[in-house]
Amino acid sequence: QVQLVESGGGLVQAGGSLRLSCAVSGRSFSSYAMGWFRQAPGNEREFVAAIEWSSGNTYYADSVKGRFTISRDNAEITVYLQMNSLKSKDTAVYYCAAVNKYIYGSSWYNRDIAYGYWGQGTQVTVSS
């Protein structure tokens with residue numbers, strides 16, 4: 001059983017930064033893809049970023065490209081989402097997700113239905 005536990009959310013002013021963490025446990029993750037998604041009130045859950053654990057290849061939504069960085073720490077078995085230059089429209093609950101698949105050459109990584117494991121979410125609020 002895979003378990004994902006997010007942390008690091010909070011309240012920040014526009015232009016500020018936050019780093020979200022997703023602690024992963026349960027099994028070997030060398031063949032896994034990890035994703036971050038977010039959901040604002042009244043909106044559908046949307047893709048933010050993804051990383052292929054084995055290669056470190058990263059993928060981003062256009063709305064966060066250049067501001068957010070996804071990374072993973074093999075020793076800590078943790079995935080991070082560094083969020084810089086935050087905007088009020090980044091306000092949402094952020095979720096970490098995992099699936100036992102390689103991303104390279106695929107187009108499914110930005111679809112939440114492709115992921116089988118989810119964390120409980122962490123609230124990010126950006127004040128203007």
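**Close-up views of a disulfide and a buried threonine**

Cys-96 is buried, with a relative accessible area of 0% (buried means under 20% relative accessible area, exposed over 50% and partly exposed in between, using a 1.4 Å probe and protein chains only). This is a predicted model, where local features need pLDDT of at least 70 and side-chain atom pairs count only at pLDDT 80 or more, while totals for chains, interfaces and linings use all residues. Residues are numbered from 1 along each chain as its sequence is written, and side-chain values use heavy atoms, leaving out hydrogens and water.

**View 1. Cys-96 and its partner Cys-22 form a disulfide.** The structure holds one disulfide, a term for a pair of cysteine sulfur atoms within 2.5 Å. Here the sulfur atoms of Cys-22 and Cys-96 are 2.1 Å apart. Cys-22 is also buried, at 0% relative accessible area.

**View 2. The disulfide of Cys-22 and Cys-96 is left-handed.** That is because the torsion about the S-S bond is about -80°. Cys-22 sits in strand S3 (residues 18–25) and Cys-96 in strand S9 (residues 92–99), so the pair ties together parts 74 residues apart in sequence. Strands are DSSP runs (E, at least two residues), numbered from the N terminus.

**View 3. Thr-122 belongs to strand S11, residues 122–127.** Is Thr-122 buried or exposed? At 11% relative accessibility, Thr-122 counts as buried. Leaving out residues up to four places away in sequence, Thr-122 touches several residues, including Gly-9, Leu-20 and Tyr-94 (contact means heavy atoms within 4.5 Å). The side chain of Thr-122 also reaches the backbone nitrogen of Gly-9 at 3.2 Å.

Conventions:
Helix = DSSP H or I, 4+ residues; strand = E, 2+ residues; numbered from the N terminus. Polar contact = N/O pair within 3.5 Å; in protein donor to acceptor, adjacent residues only side chain to side chain.
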